[in-house]
Amino acid sequence: MLFKEVIYLMQKDFLLELRQKYAFNGMLLYVSSTVFVCYLSFGLRSNVLQVPVWNALFWIIMLFTSVNAIAKSFMQENRGRLLYFYSIVSPQGIILAKILYNACLMLVLALICFVFYAFVLGNPVEDIPMFLLSILLGAIGFATSLTMISGIASKAANSSTLMAVLSFPVIVPMLLMLIKMSKNAMDGLERAASLDELLTLLAINMIVITVSYILFPYLWRS
């Protein structure tokens, strides 16, 4: 029953995204314009950007893209639709569907961002599979953390400001591990050097999903 609810709710979100293409197109425009501004600002026609700066800029772009993309998870739902969902589906199905949908959305945006970013600013990554793995973990981590925070912030009056405040202490530790893991991939270090960050990120994602599954019903009833 829960699985069917999750599938149904994900299909609903995908259909809404297809009908409201301006939201996804807006994210693509944000990513492309930010990368192009970085290109112009740093004068990168000669590909002189250092590896740490390249890595930091990439994750800064990903951070703000994820906040803008996931902030609308619950804020775009009107009161009537939420009341309808309240009567036909479980809160666990709601939060799991939102997390999975946002993870897919962030993964697509992250891959598009990486391809365009590497095309415009050059690609200094030596271990592509490990870097892609860090992107995958980052997309899932941002989706799991920010989805629950979006649900909490949607209950407040100034939801956008509250989401930014609540997400900062949650995202920063994850972001530091992602930067270190991707830096190791860019330097071509042995993959065992990133094992601690990999396991920690997996643990954080599992903990956040579990906590969201347990606590979201209390938020949903309010």
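A: A residue is called buried when its relative accessible area is under 20%, and that cut-off is the one to keep in mind for what follows. The model shown is a predicted one, and its values are computed from the atoms.

Q: What makes T147 buried or exposed?
A: T147 has a relative accessible area of 0%, and since buried means under 20%, T147 is therefore counted as buried. This residue has its place in helix α7, where it touches I70, F74, I95, K98, I99, N102 and F142, leaving aside residues up to four places away in sequence. The C-alpha atoms of T147 and S73 are separated by 6.7 Å, although the two residues are 74 residues apart along the chain.

Q: How do you know whether S134 is buried or exposed?
A: The relative accessibility of S134 is 0%, which is under 20%, so S134 counts as buried. S134 also lies in helix α7, and, not counting residues up to four places away in sequence, it touches W59, L178, M181 and S182.

Q: How do helix α3 and helix α7 come together, and at what angle do they cross?
A: The axes of α3 (residues 51-70) and α7 (residues 128-153) come within 10 Å and cross at roughly 35°, and the crossing is right-handed. Residues of α3 that take part include W54, N55, F58 and W59, while those of α7 include F131, S134, F142 and T147. By class, this contact has 11 nonpolar, six polar and no charged residues.

Q: Which residues in the largest nonpolar core touch the most other members?
A: Of the 49 residues in that core, W54, F58, M62, Y117, L121, F131 and F142 touch the most other members. The elements that give two or more residues to this core are α2 (21-42), α3, α6 (91-121), α7, α8 (159-187) and α9 (195-221), and the largest share, 11 residues, comes from α6. As an example of one member's surroundings, F142 touches W59, M62, S66, I70, T147, I171, M174, L175 and L178, again not counting residues up to four places away in sequence. A second, separate core of 14 residues includes V6, F85, I99 and F216.

Q: How many helices and strands are there in the protein?
A: The protein has nine helices and zero strands, and from the N terminus on its elements run α-α-α-α-α-α-α-α-α.

Q: What share of the protein is buried, in terms of its residues?
A: Buried residues make up 45% of the 222 residues. Among contacts between residues at least 6 apart in sequence, 83% join residues at least 24 apart.

Definitions and conventions. Residues numbered from 1 in each chain as written. Predicted model: local features only at pLDDT ≥ 70, side-chain atom pairs only at ≥ 80, totals over all residues. Heavy atoms only, no water. Axes fitted to C-alpha atoms, helices over the stretch in contact; angles between N-to-C directions. Helix = DSSP H or I, 4+ residues; strand = E, 2+ residues; numbered from the N terminus. Left-handed = near helix turned anticlockwise from the far one by under 90°. Contact = heavy atoms within 4.5 Å. Nonpolar A, V, L, I, M, F, W, Y, C, P; charged D, E, K, R; others polar. Core = buried A, V, L, I, M, F, W, Y, C linked by side-chain atoms within 4.5 Å. Buried < 20%, exposed > 50% of the residue type's maximum accessible area, 1.4 Å probe, protein only.
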